[in-house]
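Please keep the sequence and the model at hand while reading.

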Amino acid sequence: MTKWAGRGALLLSLGVMAGCASSGEMRERHPDDPWEGFNRKVFAFNDVVDRYALKPAARGYRFITPDPVENGVGNFFSNLGEIRTALNSLLQGKGTNASVATGRFLINSTLGIGGLFDIATRMEITGREEDFGQTLGAWGVGEGAYLVLPLLGPSTVRDTAGLPADMYTYPTTYIEEDKVRVSLTALRVIDARAGLLDQEALISGDRYSFIRDTWLQQRRFEVQDGEMGADPFASDDFEFDDADFDDAFAE
């Protein structure tokens with residue numbers, strides 16, 4: 001399946017990896033962001049959580065974890081997400097994608113030793129990730145306003161409505177032992193955040209606007225199954241204009 005935003009934990013990581021707005025200048029209101037004042041405050045809160053908790057943990061995790069182990073952890077959580085993809089593909093009438101997701105889960109859970117190895121991709125068995133927000137979009141529900149959620153980060157009204165269904169279709173939700181469930185969730189979040197460390201170099205200028213516009217563009221691409229055209233983030237040749245990097249942030 002595609003690796004962009006595995007929603008859930010990855011969405012959380014996107015939300016907290018962004019910093020406070022870099023400019024106090026008045027800006028024209030974005031048509032998709034009528035609650036920008038509120039969203040920027042939540043964005044700033046998420047930044048504090050990231051700077052003092054999540055980002056240091058992600059850096060430490062990357063430092064002490066060998067690449068093969070880190071890849072295995074990512075594969076494991078991605079494999080669990082195939083169940084959500086299969087169910088939402090069926091709800092959207094995408095039988096082929098549901099079959100692919102089911103096949104990937106069975107192959108990676110067995111030959112891939114519990115999902116630690118992505119054997120299905122090596123066999124060129126790939127499809128599209130699907131979640132309930134995308135299902136609502138396929139059913140004709142409008143995306144609503146852009147919304148930044150505490151800890152969970154970028155979202156829309158429609159995607160926020162789909163979060164409970166996404167949670168209940170992810171296997172770790174049903175682990176009865178609290179310590180195990182919380183530990184796996186923490187590992188999932190930290191692993192996802194570590195995967196975004198290198199991408200921070202692309203954030204420039206007003207980081208709130210940068211994250212919002214990038215996230216909305218990618219999310220719409222996912223919901224519309226690529227009908228907007230070529231995915232600008234899927235190619236290694238993707239580049240921003242030089243002007244985008246004039247005010248690149250530095251830590």
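## Salt bridges and the packing around them

Arg40 and Asp206 form a salt bridge whose closest N and O atoms are 2.9 Å apart; the term denotes a side-chain nitrogen of Lys or Arg within 4 Å of a carboxyl oxygen of Asp or Glu. Since Arg40 belongs to helix H2 and Asp206 to the loop between helix H8 (178-194) and H9, the pair ties together parts that are 166 residues apart in sequence. Helices (H or I, at least four residues) and strands (E, at least two) are DSSP runs, numbered from the N terminus.

The model is predicted: local features need pLDDT of at least 70, side-chain atom pairs count only at pLDDT 80 or more, and totals for chains, interfaces and linings use all residues. Residues are numbered from 1 along each chain as its sequence is written, and side-chain values use heavy atoms, with hydrogens and water left out.

The structure holds 20 salt bridges, among them the following.

| Salt bridge | N to O distance |
|---|---|
| Arg40 and Asp206 | 2.9 Å |
| Asp213 and Arg212 | 3.0 Å |
| Arg193 and Glu200 | 3.4 Å |

Arg193 and Glu200 are both buried. In the pair of Asp213 and Arg212, Asp213 is partly exposed at 35% relative accessible area, whereas Arg212 is buried at 5%. Through salt bridges that share partners, Asp33, Glu36, Arg40, Asp206, Arg212 and Asp213 join into one network.

## Helix packing

The axes of H2 and H9 come within 11 Å and cross at roughly 100°. Axes are lines fitted to C-alpha atoms, for helices over the stretch in contact, and angles run from 0 to 180 degrees between N-to-C directions. H2 and H9 are therefore roughly perpendicular to each other, a description that covers angles of 65 to 115 degrees; under 35 counts as roughly parallel, over 145 as roughly antiparallel and the rest as oblique. The contact (heavy atoms within 4.5 Å) involves Glu36, Asn39, Arg40, Phe43 and Arg51 of H2 and Arg207, Tyr208, Ser209, Ile211 and Arg212 of H9.

Helix H3 (residues 67-91) packs against H8 at an angle of about 110°, with the axes 10 Å apart. This pair, too, is roughly perpendicular. On the H3 side, Glu70, Val73, Gly74, Phe77 and Arg84 meet Leu184, Leu187, Arg188, Asp191 and Ala194 of H8.

## Nonpolar cores

A nonpolar core is a set of buried Ala, Val, Leu, Ile, Met, Phe, Trp, Tyr and Cys residues joined through side-chain atoms within 4.5 Å. The largest has ten residues, including Val42, Phe43, Tyr146, Ile203, Tyr208 and Trp215. Helix H2 (36-64), strand S1 (146-149) and helix H9 (207-223) each supply at least two of its residues, and H9 gives the most, with five. A second, separate core of eight residues includes Val73, Phe77, Tyr170 and Leu197.

## The whole chain

The protein has nine helices and two strands, arranged along the sequence as α-α-α-α-α-α-β-β-α-α-α. Of its 251 residues, 45% are buried. Among contacts with a separation of 6 or more, 74% are between residues 24 or more positions apart.

Methods: Buried < 20%, exposed > 50% of the residue type's maximum accessible area, 1.4 Å probe, protein only.
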